[in-house]
Amino acid sequence: MTPTPDTPPGRAAALTLKHGTSWTDAWRRCLAVAPEAFRDDRVLNLWDGAGRADGRVLPAVSPVDGTPISGPPRLDGETAHRAVRACLDQHRAWRHVPLPERRARVAAALDALAEHRELLALLLVWEIGKPWRLAQADVDRAVDGVRWYVDGIEAMTEGRAPLEGPVSNIASWNYPMSVLVHALLVQALAGNAVIAKTPTDGGVACLTLACALAAREGVPVTLVSGSGGELSPALVRAPEIGCVSFVGGRDTGAAVATAVADLGKRHILEQEGLNTWGVWDFTDWAALTAVIPKLFDYGKQRCTAYPRFVVQRRQFDAFLAAYLPAVRTLRVGHPLAVEAPHDPCPRLDFGPVINASKAKELHDQVAEAVDRGAVPLYRGSAADARFLPGQDTSAYVQPVTLLNPPRSSPLHHAEPFGPVDTVVLVDTEAELLAAMNASNGALVATLATDDRATYDRLAPQIRAFKVGHGVPRSRGDRDELFGGHGASWRGAFVGGELLVRAVTQGPAGERLPGNFPDHHLMP
């Protein structure tokens, strides 16, 4: 930060909020862009083709600095059932709309999302704390990803038909656009009406704006808010629902899996796993140093984050020499805090975690792990973060790295979903594989080793859907397939044409690639 001429020597100039980016500014723009979905003091539920001022609005604050923002308007169970029945009516009409018209409507919705890219991104900043560049990337991935499907949908749907009922979507808060909106629009493109529940922890305004823009173009989108317990009978168990798509934690996912298995319902359930990065007979330490900051994007609040490093003991000193300089470069702070009002937004690795409760949970887990024997290798300092003067910082967690978390700690066996790394040391290949498979299945993993033959031998024994050789793996876009091993995934795999196959009917007796109660089939 460069001191101004009036700043005393040795003291940095106070940061200020970037001009035109306040929550009030964003809200006024929402009212102007989509008055059918927003009121002066609340967002509306969107169902039966209209915005509805029903449900009880919960108070909410931004994780960025505690600013009061609009909360989700929570419906009761009976109203949710009415919304599902209305969605079924839309589905019965939409599934017969010719594909060229469906393509045109979805393409028009994408044009509208692209037009309002910056507003959607700004809402993501305030609602879930994404840094500006990552918020924009979330919007861009949604738009670009669905355009790929629009261009190739004919071949993907040839010989297939929409489902008998709409697709119900329940997703976590961390990627409202590139995961949830992307899925909704592809499902609709394939001939299904869609219904989604807004995540309880954030994203309701961004999702409401995106869904309102799509509905305006004639895409049959329903968006409702409510508690999972109250809405689950309608969104998961209701006979009108043709498929359930879920992204979230294992506890909730297990309950959804039980319900859909009992009902024999089509399902896509993406659940968390402890993604691991193994280091074995490795020497390209410069490459590791370069990738460490990227692994902290969005504070590791994503399903494909790597919070666990499994390191060969005899290479631990070299690992630390590569890791610590990289983690010290991480940039944390308020995503909209700038030196001068018209400066560009800062380029940060991450801002807050999703809320103050999550921040406290992480602080408590770290403290408990250390009390029980974990060794702190690195702790970031709030003094180095970029904050506005006097702002609320209760949702911020500085990066932390621990060696050997005790087995009794959640940090040992579960994904922390925050900027907390753990390191486990191993001496044999058997120990390496056991440590990399600690969570009974994961979405991604990486094995960093110089010897290709070692990678080829060990990678198939790592229980992750995607395994990188010294490079990170991710959900992927467009034609890249995605799924999980073990408890990290249940139901149909997605990505590329598999996403379309998962939400359409094929030939009689078709077995979809995925993890099902009666079969496991890899693509």
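**Note on the predicted model**

1. T454 is placed in helix α15 (residues 452–458); helices (H or I, at least four residues) and strands (E, at least two) are DSSP runs, numbered from the N terminus. T454 is buried, since its relative accessible area is 9%, where buried means under 20%, exposed over 50% and partly exposed in between (1.4 Å probe, protein chains only). Apart from neighbours within four places in sequence, T454 is in contact with W280, E429 and T449, contact meaning heavy atoms within 4.5 Å.

2. On the basis of the model: it is predicted, local features need pLDDT of at least 70, side-chain atom pairs count only at pLDDT 80 or more, and totals for chains, interfaces and linings use all residues. Residues are numbered from 1 along each chain as its sequence is written, and side-chain values use heavy atoms, with hydrogens and water left out.

3. Strand β11 (residues 167–171) is largely enclosed by the rest of the structure, because five of its five residues are buried. In a regular strand the side chains alternate between the two faces of the sheet. In β11, V167, N169 and A171 point one way, S168 and I170 point the other way, and all are buried.

4. Which strand pairs with β11 over four bridges? The partner is β12 (residues 194–197), in the parallel sense; two strands pair if DSSP finds at least two bridges between them. Within this pairing, S168 stands opposite I195 of β12. Helix α6 (residues 176–189) carries the chain from β11 to β12, and this β-α-β crossover is right-handed, meaning that, with the strands pointing away from the viewer, the path from the first strand over the helix to the second runs clockwise.

5. β11 also runs parallel to β14 (residues 243–248), to which five bridges join it. In β14, I170 has F246 as its bridge partner, and N169 stands opposite S245. Strand β14 is itself mostly covered, with six of its six residues buried. C243, S245 and V247 point one way from β14, whereas V244, F246 and G248 point the other way.

6. β14 is joined by six bridges to β15 (residues 266–271), and these two strands run parallel.

7. The whole structure holds 17 aromatic pairs, defined as rings of Phe, Tyr and Trp (its six-membered ring) with centres within 6.5 Å, planes under 30 degrees apart counting as stacked, over 60 as edge-to-face and the rest as tilted. W173 and Y298 form an edge-to-face pair, at 6.3 Å centre to centre with 75° between the planes. This pair links distant parts of the chain, 125 residues apart: W173 is in the loop between β11 and α6, and Y298 is in the loop between α10 and β17. W173 is buried, with a relative accessible area of 8%, and Y298 is buried at 1%.

8. Does the end-to-end distance of helix α11 (residues 316–327) agree or disagree with its length? Its twelve residues should span 16 Å at 1.5 Å a residue, and its end C-alpha atoms are 16 Å apart, which agrees; the expected span is 1.5 Å times one less than the number of residues. The buried residues of α11 are F316, F319, L320, A322, Y323, L324, A326 and V327. The elements covering them include β16 (276–279), α10 (285–295), β17 (308–312) and β21 (420–426). F319 and Y323 also belong to a cluster linked by ring pairs, together with W277, Y306 and F309.

9. D48 has a positive phi of about 55°, and K300 has one of about 60°. D48 lies in the loop between β4 (45–47) and β5 (50–52) and counts as partly exposed, because its relative accessibility is 42%. K300 lies in the loop between α10 and β17 and is buried, with a relative accessible area of 1%.

10. H519 is in the loop between β26 (514–515) and β27 (520–521) and counts as buried at 12% relative accessibility. Its side chain reaches the backbone oxygen of L512 at 3.1 Å; a polar contact is a pair of N or O atoms within 3.5 Å, where, within protein, one must be able to donate a hydrogen and the other to accept it, and residues adjacent in sequence count only if both atoms are side-chain atoms. Not counting residues up to four places away in sequence, H519 touches R511, L512 and G514.
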